[in-house]
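Q: I've got a new model open and I'd like to learn how to read its features one at a time. Can we start with the sheets?

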Amino acid sequence: MHTSTTSTVPLVSWTAAQLLEATQGYWLNDQAPNTEIKRILTDSRDAEAGDAFLALKGERFDAHAFITQVAEQGCQVAIVSQPIEAEICQLVVPDTRLALGQLGAYRRAQNPQLKVIALTGSSGKTTTKEMLGSILSRIAPTLVTRGNLNNDLGVPVMLLELRPEHQYAVMELGASHQGEIDYTSNLVQPLVAGIINIGTAHLGEFGGRDGICRAKSEIYAHIAPNGTSIVPAADDFVDSIRQAVQTEQVLSFGAGGEIFATEIELQAQSATFKLNTPQGVSQVNLPFAGEHNVQNATAAAAFALAIGISLDDIVLGLEQAVGAKGRLNFIQQGRHLLIDDTYNANPTSMRAAAEVLAQQEGVRVMVMGDIGELGSSAAQQHYMLGRDLVSVKGLNFVVAVGEFAPAAQEGARSTQYGKKMQAFLTQEQALPFLLSLNETHQPQSMSFLFKGSRYTHMETLMADLMEKL
């Protein structure tokens with residue numbers, strides 16, 4: 001499925017001289033375009049007249065193969081790492097991936113008025129980002145990371161969308177290898193930045209949680225000297241995190257921190273709590289379910305306070321925030337509730353989702369897909385998940401789907417609740433079982449929650465079930 005990452009708002013155009021200055025490349029045969037370039041893009045399908053197509057090279061693809069095609073589409077400029085036989089102006093650079101970063105950094109430097117918040121963490125990044133976007137967008141034009149544009153390619157693509165009217169930017173930074181956050185946080189030059197938590201996502205790449213902590217702590221290296229570092233007070237890696245902090249100003253959130261929640265009351269699809277801050281205490285009616293989202297809200301409050309937002313504005317923004325697609329979205333279908341949490345998963349967020357499901361009405365069915373990027377610990381992590389999920393009070397059935405479903409089922413069988421778990425290798429095998437659950441529990445209402453790593457596409461199984469309910 002192709003989803004365009006281009007924005008609909010007109011972008012700030014580039015001159016040939018600016019492209020040259022940003023990338024330190026050279027124009028092939030001294031042939032520079034004499035018109036302005038309206039946007040730089042990396043998807044050949046969208047390239048048209050007025051664009052510059054930047055040809056990325058990956059392990060399994062090389063977009064230099066599309067230069068002739070984009071020229072035929074009317075695109076007059078290409079940014080390449082080797083000259084191509086084609087009727088198109090070519091800016092030749094040593095490495096197009098690095099050139100994309102240089103262009104993003106150049107655009108960032110052209111907007112010195114911008115206050116940037118950068119955040120990372122193993123789970124809750126996207127929801128915290130959406131909450132911050134809701135707080136800041138009410139006050140002034142704000143650029144917020146879209147979708148999963150949070151890696152060494154996505155971050156500069158977002159920076160290319162900066163416009164002079166933007167006062168704030170909320171940049172989500174992801175890490176799939178050591179050094180990536182060092183690179184992206186240097187591009188965005190944050191005033192405020194920090195880690196939300198150190199969990200077990202991407203265990204495989206980093207060889208353990210210590211490695212994850214080191215990779216994510218790179219975010220503290222590039223905060224402006226007069227800026228603020230945000231740290232999670234209750235995280236079990238908080239001592240290591242604090243050692244990475246380089247700014248004088250530090251704000252902590254969570255239990256034991258300066259910004260924390262008390263009097264938390266969890267409802268089926270929302271939560272209320274008292275937000276305690278150095279600026280005072282305020283009641284918050286949060287339109288998100290689950291204790292983990294209360295923690296995300298305290299993190300968002302810490303980032304916003306550090307950038308100078310008032311407590312009243314923070315509360316208003318939190319109360320008007322909307323979740324990202326596939327992040328605990330509640331869909332009512334007749335008497336049944338379907339919870340779409342399919343956007344992504346890691347062991348921490350899977351457990352948090354189970355607690356939310358346990359709060360719902362009727363027969364509660366958790367449908368879990370595989371979790372990726374766990375490396376050699378994958379089977380063990382799924383075993384522990386199976387064991388823990390069937391033990392959650394209030395869950396009636398857990399349906400595991402995918403390659404690691406048998407490992408999850410083994411974990412479930414190590415408890416007295418083993419019968420709650422059914423395991424299927426494919427979605428096609430799981431669907432008839434879900435339909436039979438609906439049949440046998442007529443006329444009761446049911447609540448289904450779907451969650452798995454992005455590559456498992458659990459939303460497909462959810463859509464198939466909705467069609468037949």
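A: Strands of a sheet pair through backbone hydrogen bonds, either parallel or antiparallel. Here, six strands make an open sheet with mixed pairing, in the order S15-S16-S20-S17-S18-S19. S15 and strand S19 (421–424) stand at the edges with a single partner strand each, so one side of each has no neighbour in the sheet. From one strand to the next, the twist averages 20°. Strands and helices here are DSSP runs numbered from the N terminus (E, at least two residues, for strands; H or I, at least four, for helices), and two strands pair if DSSP finds at least two bridges between them. Before we go on: this is a predicted model, in which local features need pLDDT of at least 70 and side-chain atom pairs count only at pLDDT 80 or more, while totals for chains, interfaces and linings use all residues. Residues are numbered from 1 along each chain as its sequence is written, and side-chain values use heavy atoms, with hydrogens and water left out.

Q: In which sense do S15 and S16 run, and how many bridges join them?

A: Strand S15 (residues 329–333) and strand S16 (residues 336–340) run antiparallel, joined by five bridges. Asn-329 has Asp-340 in S16 as its bridge partner. The two strands form a hairpin with two residues between them, and Gly-334 in the turn has a positive phi of about 60°.

Q: And at the other end, in which sense do S18 and S19 pair?

A: Strand S18 (residues 397–401) pairs with S19 in the parallel sense, over four bridges. Look for Val-401, which stands opposite Phe-424 in S19. H14 packs on this sheet, touching S17, S18 and S19, and its direction makes about 160° with that of S19. H16 packs on the sheet too, touching S15, S16, S17, S18 and S20; the direction of H16 makes about 155° with that of S20. For those angles, axes are lines fitted to C-alpha atoms (for helices, over the stretch in contact), and angles run from 0 to 180 degrees between N-to-C directions.

Q: How do I describe two helices that pack together?

A: Two packed helices are described by the angle between their axes and the distance between the axes. Take helix H13 (residues 378–390) and helix H14 (residues 405–413): their axes come within 6 Å and cross at roughly 45°. That angle is why H13 counts as oblique to H14 (under 35 degrees is roughly parallel, over 145 roughly antiparallel, 65 to 115 roughly perpendicular, and the rest oblique). On the H13 side, Ala-379, His-382, Tyr-383, Gly-386, Arg-387 and Val-390 meet Ala-407, Ala-408, Glu-410, Gly-411 and Ala-412 of H14.

Q: What about the backbone: which residues other than glycine have a positive phi?

A: Two to look at are Glu-373, with phi near 60°, and His-457, with a positive phi of about 50°. Glu-373 is in the loop between strand S17 (363–369) and H13, and at 44% relative accessibility Glu-373 counts as partly exposed. His-457 sits in the loop between S20 and helix H16 (458–468); His-457 is partly exposed too, at 38%. The cut-offs are under 20% relative accessible area for buried, over 50% for exposed and partly exposed in between (1.4 Å probe, protein chains only).

Q: Where is the cis peptide bond?

A: The bond joins Gln-442 and Pro-443, with omega about -10°. Pro-443 is in the loop between helix H15 (427–440) and strand S20 (446–451).

Q: How do I read a nonpolar core?

A: In soluble globular proteins, nonpolar side chains tend to be buried together. A core here is a set of buried Ala, Val, Leu, Ile, Met, Phe, Trp, Tyr and Cys residues joined through side-chain atoms within 4.5 Å. The largest one has 53 residues, and Ile-40, Leu-103, Met-171 and Tyr-220 have the most contacts inside it. A second, separate core has 39 residues, including Val-294, Ile-314, Val-315 and Leu-318.

Q: What does Tyr-220 contact beyond four places in sequence?

A: Among its partners are Ile-195, Val-231, Ile-241 and Val-245, where contact means heavy atoms within 4.5 Å.

Q: Which strands form the parallel sheet?

A: Six strands form that open sheet, in the order S7-S8-S6-S9-S10-S11. Strand S7 (142–144) and strand S11 (249–253) are at its edges, and the twist averages 15° from one strand to the next. S7 pairs with strand S8 (residues 168–172) over three bridges, with Leu-143 opposite Ala-169 in S8.
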